[in-house]
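Please examine the model shown below, with attention to how its parts are packed against one another. The paragraphs that follow lead from a single side-chain contact to wider features.

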Amino acid sequence: MSEIILVAGGTGFTGSRTVPMLARRGLDLRCLVRREGDAQYFKRLGAEPVFADLEDPGSLAMAFEGVSGLISMVGLHTGHAAAMVDAAVAAGVKRALFVTSTSIFTRPDTSTKRHLLEAEKRIRDSGLDYTIIRPTMVYGDEQDRNICRLIRYLARWPVLFIPGPGTWRVQPVYVDDAAGAIADAWQTPGTIGKCYNISGREPLTFNALVDTVSALLKRKIMKIHLPVSPLVAACKRAETAGLSFFVRSDQIERLNEDKSFAHDEATADFQFAPVSFETGVRREIEAMGLIREEGQ
């Protein structure tokens, strides 16, 4: 009898790419769901759906019955780490993989950072044979919340306002590479007790990222750089007054951080080999139907 792996977060952006990979590798999967439509989707993949709520310890306990492993891709920044870890330990599960984020390294003391740091500490102290995967910003189709928006903006407007000089480095990771890292790390015993940063092939400046997208869209974009300090100060005053802009002060501060992360350990331990940003974003733009042929 094969060992059952409980998958949480399989309907999310990265999870929806990871579950099919795991299923194709012949793993016996049980996937947490909250909607009937998701249950039917997992059945078609050959996985067993189980209805459970992360806020309901009783339903989680039932979902963990007979399970030998856990792959959690739920957003632990929302404070669900305790529920997942406690349920796994109570069920006698040993092997577990958790997806967090490189957001733990940001300078601003955000609630997301605090929740993720607390989550990782709880995982490390749990006694589980854990692996932690920390992707950078994940992109790849219209489900992503960052690059997709930038693509749509640049496809429509000729001017982009950028807080700061745009010389900070970013290293977004293509969604299929992030999913593959999760699957490969799960099947590599040497990853137990380790944490891995998962990033794109190489870092690039935000200006270069915009130029790459613009070139693929065959668009000429004027980049207008705005001073950071006055923007942050204005946002903080508004936030203190209970007002909200389209961007928060901490988001502007994060924009001007270096967000490049080496993935050498992942390459050494499970042959992680991500695509370049140009390759990944071309796939995304093609999927969105926005690549223009010559003469159009």
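**A guided reading of the model**

The side chain of Glu 120 forms a polar contact, at 2.7 Å, with the side chain of Thr 100; a polar contact is a pair of N or O atoms within 3.5 Å, where within protein one must be able to donate a hydrogen and the other to accept it, and residues adjacent in sequence count only if both atoms are side-chain atoms. The model is predicted, so local features need pLDDT of at least 70 and side-chain atom pairs count only at pLDDT 80 or more, whereas totals for chains, interfaces and linings use all residues. Residues are numbered from 1 along each chain as its sequence is written, and side-chain values use heavy atoms, with hydrogens and water left out.

Glu 120 belongs to helix 5, residues 111-124; helices (H or I, at least four residues) and strands (E, at least two) are DSSP runs numbered from the N terminus. Glu 120 counts as buried because its relative accessibility is 2%; buried means under 20% relative accessible area, exposed over 50%, and partly exposed in between, with a 1.4 Å probe and protein chains only. Not counting residues up to four places away in sequence, Glu 120 touches Thr 100, Ile 104, Ile 132 and Arg 134, where contact means heavy atoms within 4.5 Å.

Thr 112 also lies in helix 5, but at 30% relative accessibility it counts as partly exposed. Beyond its neighbours within four places in sequence, Thr 112 is in contact with His 77 and Ser 103. From Thr 112 to Phe 261 the C-alpha distance is 19 Å, across 149 residues of sequence. Phe 261 sits in the loop between helix 10 (249-255) and helix 11 (264-270) and is buried, with a relative accessible area of 13%. Its C-alpha is 6.6 Å from that of Asn 197, although 64 residues separate Phe 261 and Asn 197 in sequence. Contacts of Phe 261, leaving aside neighbours within four places, are Thr 102, Phe 105, Thr 136, Gln 171, Asn 197 and Ser 199.

Aromatic rings come next. A pair of aromatic rings is described by the distance of the centres and the angle of the planes. Rings of Phe, Tyr and Trp (its six-membered ring) pair if their centres lie within 6.5 Å, and planes under 30 degrees apart count as stacked, over 60 as edge-to-face and the rest as tilted. By this rule there are six aromatic pairs. In one of them, Tyr 139 and Phe 277 have ring centres 5.3 Å apart and planes at 55°, so the pair is tilted. Tyr 139 lies in strand 7 (residues 138-139) and Phe 277 in helix 12 (residues 277-287), so the pair ties together parts 138 residues apart in sequence. Tyr 139 is buried at 0% relative accessibility, and Phe 277 is buried at 4%. Ring pairs link Tyr 139, Tyr 174 and Phe 277 into a cluster.

Which residues of helix 1 are buried? They are Gly 15, Ser 16, Thr 18, Val 19, Pro 20, Met 21 and Leu 22. Because seven of the ten residues of helix 1 (residues 15-24) are buried, the helix is largely enclosed by the rest of the structure. The cover over these buried residues includes strand 1 (4-8), strand 2 (28-33), helix 2 (36-44), strand 4 (67-72) and helix 7 (175-186). Gly 26, which follows helix 1, has a positive phi, near 80°.
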